[in-house]
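Hello,

Here is the structure I promised to pass on.

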Amino acid sequence: MSENVNMSGDVFKSYDGEDGSLYVYGSPLVPEVTDHQGDIISSDEIRKSCRDYMIRSQVSGIGHRTMLSKQDVQLTQCFLAPCDFEIDGFEFTKGSMITEYRIPAESEELQKSVREGTFCGFSIGGKAAHTEIEEVPSE
């Protein structure tokens, strides 16, 4: 059975661009970590999701409800972490999906939300088929 899922990660870095834009980085998918629904996603599934996200990334939104135009926000990077590494104290696991968005100067309210911490994370919408796995007792 498929159901909607909400996979998300914190904003870990933002910086001001020379043209007044704000660039925001986040990691919406991390391998082998329990998500908000109690599920775990594998590196292979994250790779597939990352590719699909890039194909569908022409539309962005807030909270899976309010849709934003290309004038409001643009996806500028999306990649898989090639190894474990750290940026400004934020640790990444190999295989994590990492995204960067540009919020133009004209998107003042969205920039304000990021700077004030109201907008503090990323999420990708998706559907997942859940399969119950019987736990095997350890010997």
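Below is what I found, starting with how the values were made.

This is a predicted model, in which local features need pLDDT of at least 70 and side-chain atom pairs count only at pLDDT 80 or more, while totals for chains, interfaces and linings use all residues. Residues are numbered from 1 along each chain as its sequence is written, and side-chain values use heavy atoms, with hydrogens and water left out.

Let me begin with the cysteines. A disulfide is taken as a pair of cysteine sulfur atoms within 2.5 Å, and by this rule the count is zero. Cys78 is in no disulfide, and the nearest cysteine sulfur, that of Cys50, lies 3.3 Å away. Cys78 is buried, at a relative accessible area of 17%, whereas Cys83 is partly exposed at 38%. Here buried means under 20% relative accessible area, exposed over 50%, and partly exposed in between (1.4 Å probe, protein chains only). Leaving aside neighbours within four places in sequence, Cys78 is in contact (heavy atoms within 4.5 Å) with Cys50, Tyr53, Met54, Met97, Ile98 and Thr99.

Cys78 also brings us to the core. A nonpolar core is a set of buried Ala, Val, Leu, Ile, Met, Phe, Trp, Tyr and Cys residues joined through side-chain atoms within 4.5 Å. The largest one has 16 residues, of which Val24, Tyr53, Cys78, Met97, Tyr101 and Ile103 touch the most other members. Two or more residues each come from strand E2 (22-29), helix H1 (43-56), strand E5 (74-80), strand E8 (97-103) and helix H2 (108-116). These elements are DSSP runs numbered from the N terminus: helices are H or I with at least four residues, strands E with at least two.

Now the helices. H1 has 14 residues and spans 20 Å from its first C-alpha to its last, close to the 20 Å expected at 1.5 Å a residue; the expected span is 1.5 Å times one less than the number of residues. Which residues of H1 are buried? They are Ile46, Ser49, Cys50 and Tyr53. These residues lie on the same side of H1, because they cover an arc of only 105 degrees around the axis, the arc being that of the directions from the helix axis to the C-beta atoms. The face turned away from that buried side carries the exposed residues Lys48, Arg51 and Ile55.

H2 can be described in a similar way. Its Leu110, Gln111 and Val114 are buried, and an arc of only 100 degrees around the axis puts them on the same side of H2. Glu108, Glu109 and Glu116 are exposed on the other side. After H2 comes Gly117, with a positive phi near 85 degrees.

Two buried polar residues are worth a look on your screen. Ser21, in the loop between strand E1 (2-16) and E2, is buried at 1% relative accessible area. Its side chain joins that of Asp19 in a polar contact of 2.9 Å. A polar contact is a pair of N or O atoms within 3.5 Å; within protein, one must be able to donate a hydrogen and the other to accept it, and residues adjacent in sequence count only if both atoms are side-chain atoms. Gln74, in strand E5, is buried at 17%, and its side chain makes a polar contact of 2.7 Å with the side chain of Arg102.

Best wishes
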